[in-house]
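Trainee: I have a model open and want to learn to read it. Where do we begin?

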Amino acid sequence: MSTAVRGNTEVLSGKELASRIQQHARDEARILHSEGLRITLAVVVATEDESTHWYVRSIERAAERAGIACRIVDLGPDASEQALAGVLEDLSAEPTVHGIILQTPLPAAVRADRLVGLIVPGKDIDGANPLSLGRLAVGQPAFAPATAQAVVELLDHFQVPIAGRNVAVVGRSAVVGKPLALLLLERDATVTICHSKSGPLERYTRPADVVVVAAGRTGLLKGSHLSPETVVIDVGTNVLPDGSLVGDVDEASVTGVAAGLSPVPGGVGSVTTALLLLHTAEAARQQSHAALLTASTSRI
Ligand code: NAP
């Protein structure tokens with residue numbers, strides 16, 4: 001594992017880990033291909049937002065590199081809830097599709113919480129269906145949202161201890177903060193979840209050994225919020241007016257205080273994409289086993 005250090009703060013880059021996970025997904029894809037199965041990930045899009053299309057293209061390119069087919073279903077920004085529901089139901093039933101992502105943002109009139117429930121859990125490779133979150137909550141097998149899992153994988157990669165440590169998670173969304181808290185709890189961390197009504201952040205972040213920020217607020221976490229030796233994982237992605245991408249951490253003040261910081265870009269993001277592909281390969285493997293089992297049972 002190679003690391004860089006900036007003013008006593010180790011840079012927790014996601015590059016090496018992402019390429020390791022990508023390689024794992026590629027190996028799985030090759031094995032399944034040799035068994036006659038072409039893994040396919042479907043990404044459903046209904047927006048004109050340029051940064052979303054950029055992100056979807058990056059998933060498509062990464063999938064191609066891993067030998068996974070990527071089917072983009074673009075319904076445009078005026079898509080109705082009914083049309084999106086129909087597509088998700090069709091993809092859930094389609095045996096040649098193994099993983100499904102419903103990309104946000106969605107049209108304003110559409111109820112995303114209803115739609116994600118239509119993604120069958122076995123293909124819910126980004127843990128969007130509330131059933132997946134429920135299963136995570138009770139420790140049953142489910143695909144975790146890839147970003148939440150990417151944070152845990154990054155901590156493991158850099159050998160940051162989790163068990164018995166205090167972790168502050170800033171953000172309580174169903175896609176990042178809550179599932180991440182569940183994953184950390186499963187690993188025996190003591191987790192505090194902060195949100196916009198929590199009051200002064202330092203009350204929770206100063207006693208923490210690890211701080212994860214997923215709020216979508218530029219410069220939210222500053223060096224003054226931390227004790228020395230804290231490890232900081234920045235999940236935020238904010239596009240500045242000049243088009244550049246930054247996280248939620250004020251890097252200038254945090255560098256030199258934190259023991260480690262995963263940067264944006266270059267931290268959690270690439271690991272998230274790699275995990276989406278690995279989850280798709282795992283889903284394909286599970287579906288192929290289930291199909292074989294059904295075929296052999298029907299012969300009995
Ligand atoms: P979200 O649904 O908008 O949730 C943001 C959370 O942050 C909310 O719980 C909110 O609290 C909390 N928050 C906002 N301002 C705060 C403040 N001043 N102090 C404390 N908490 C505050 O966003 P999300 O979908 O979870 O995403 C969070 C960030 O992660 C975004 O920047 C997003 O782009 C990024 N993201 C990155 C990846 C990746 O792969 N790198 C993937 C997904 C998301 P309330 O609940 O009280 O409103």
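Trainee: What span should helix α3 have, going by its number of residues?

Mentor: Keep in mind that this model is predicted. The expected span is 1.5 Å times one less than the number of residues. Helix α3 covers residues 81-93, which makes 13 residues, so 18 Å should separate its ends. Its end C-alpha atoms are 18 Å apart, in agreement.

Trainee: Which residues of α3 are buried?

Mentor: Buried means under 20% relative accessible area. In α3 that holds for L84, A85, V87, L88, L91 and S92. Seen down the helix axis, these buried residues fall within an arc of 165°, so they line one face of α3.

Trainee: What does the face turned away from the buried side carry?

Mentor: Exposed residues: Q82, D90 and A93.

Trainee: Let me try α6. How many of its residues are buried?

Mentor: Check the span before the cover. As for cover, 9 of the 12 residues are buried, so α6 is mostly covered by the under 20% cut-off. The buried set is A146, A148, Q149, A150, V151, V152, L154, L155 and H157. Just after α6, Q159 takes a positive phi of about 55°.

Trainee: Now a single residue. Is A29 buried or exposed?

Mentor: Look at relative accessible area. For A29 the value is 4%, so A29 is buried. A29 is found in helix α1, residues 15-34. Leaving out residues up to four places away in sequence, A29 touches I39, A66, G67 and I68.

Trainee: Last, the ligand. How many residues surround the ligand, and which are the closest?

Mentor: The ligand is surrounded by 19 residues. The closest are T147, R172, S173, S196 and T237. Next, look for polar atom pairs. A polar side-chain atom of R172 is 2.7 Å from a ligand oxygen. For S196, the distance from a polar side-chain atom to a ligand oxygen is 2.5 Å. In T272, a side-chain N or O atom lies 3.2 Å from an oxygen of the ligand. Then check cover: taken alone, the ligand exposes 930 Å², and the protein buries 69% of that.

Note on methods
Residues numbered from 1 in each chain as written. Predicted model: local features only at pLDDT ≥ 70, side-chain atom pairs only at ≥ 80, totals over all residues. Heavy atoms only, no water. Helix = DSSP H or I, 4+ residues; strand = E, 2+ residues; numbered from the N terminus. Buried < 20%, exposed > 50% of the residue type's maximum accessible area, 1.4 Å probe, protein only. Arc of directions from axis to C-beta. Near = heavy atom within 4 Å. Polar contact = N/O pair within 3.5 Å; in protein donor to acceptor, adjacent residues only side chain to side chain. Areas by Shrake-Rupley, 256 points an atom, 1.4 Å probe, with all protein chains shown as cover. Contact = heavy atoms within 4.5 Å.
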